[in-house]
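Subject: Structure for your review

Dear colleague,

Please find below the structure that I am handing over to you. My findings follow it.

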Amino acid sequence: MALPASGSASAQGGCPPASTATAASAITAAERNAILRLHNQARAELKVPPSLAPLTWDSSLANASQGWANIIGPSKHSDCHSGSQASGQGENIADFGTVEAGVQFWYNEKSKYAYPTPVAPGGTYLHYTQMVWRDTRRIGCGKASSPKYWPTNIVVVCRYSPAGNFFGRAPY
């Protein structure tokens, strides 16, 4: 599974401790629709047999994502993962001006991935491969203010179940 890059704050021990905190997701209905649209568009455009199943929204994943966003956003630790992999969940994090811009950033990593290359630690495509991981079926996201890079930014945290990015395996 994906682990933090060696230069990340998480690998250096500068991150908040893992947490199981949850909160009602602050993602709006329009943002939820954009998240699902972008993920399912990425999955549908892959013409691989059998077709990848569309992702569905999971409120429990969204509330867990919100709990982590509430911790890392205000504390300016938006590059820190929660450790959700231990519970079988994947996780993507972005720090942008909008939710849609963050998800689009993940999608844009597609150009860095060449199928059927197995995913590997430090891959510059791991957000994208989590989006299109064949076994993943559910997604839930949260957001919080994150002034780390710009005063009006937000951190977007999305959790996926089942998790993807198992090193040594191709995503689909």
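**Disulfides**

The link of cysteine 15 and cysteine 80 is left-handed, with -80° about the S-S bond. This pair links distant parts of the chain, 65 residues apart: cysteine 15 belongs to the segment before helix H1 (29–44), and cysteine 80 to the loop between helix H2 (59–72) and strand S2 (90–96). Helices (H or I, at least four residues) and strands (E, at least two) are DSSP runs, numbered from the N terminus. The sulfur atoms of cysteine 15 and cysteine 80 are 1.9 Å apart, and a disulfide is defined as a pair of cysteine sulfur atoms within 2.5 Å. Both cysteine 15 and cysteine 80 are buried; buried stands for under 20% relative accessible area, exposed for over 50%, and partly exposed for values in between (1.4 Å probe, protein chains only).

Please note that this is a predicted model, in which local features need pLDDT of at least 70 and side-chain atom pairs count only at pLDDT 80 or more, while totals for chains, interfaces and linings use all residues. Residues are numbered from 1 along each chain as its sequence is written, and side-chain values use heavy atoms, with hydrogens and water left out.

By the rule for disulfides, the count comes to two. Cysteine 141 is joined to cysteine 158, with an S to S distance of 2.0 Å. The torsion about the S-S bond of this pair is about 105°, so the disulfide is right-handed. Because cysteine 141 lies in strand S3 (residues 138–145) and cysteine 158 in strand S4 (residues 154–161), the pair ties together parts that are 17 residues apart in sequence. Cysteine 141 and cysteine 158 are both buried. With bonded cysteines counted along the chain, the disulfides follow the pattern 1-2, 3-4.

**Helices H1 and H3**

The axes of H1 and helix H3 (residues 99–107) come within 9 Å and cross at roughly 10°. Axes are lines fitted to C-alpha atoms, for helices over the stretch in contact, and angles run from 0 to 180 degrees between N-to-C directions. H1 and H3 are therefore roughly parallel to each other (angles under 35 degrees). Residues of H1 including Ala34, Ile35 and Leu38 meet residues of H3, among them Val99, Val103 and Trp106; contact means heavy atoms within 4.5 Å.

**Proline 17**

Proline 17 lies in the segment before H1 and is exposed, with a relative accessible area of 65%. Proline 17 and glycine 73 are 56 residues apart in sequence and 14 Å apart in space, C-alpha to C-alpha.

Notes
Parallel < 35°, antiparallel > 145°, perpendicular 65-115°, else oblique.
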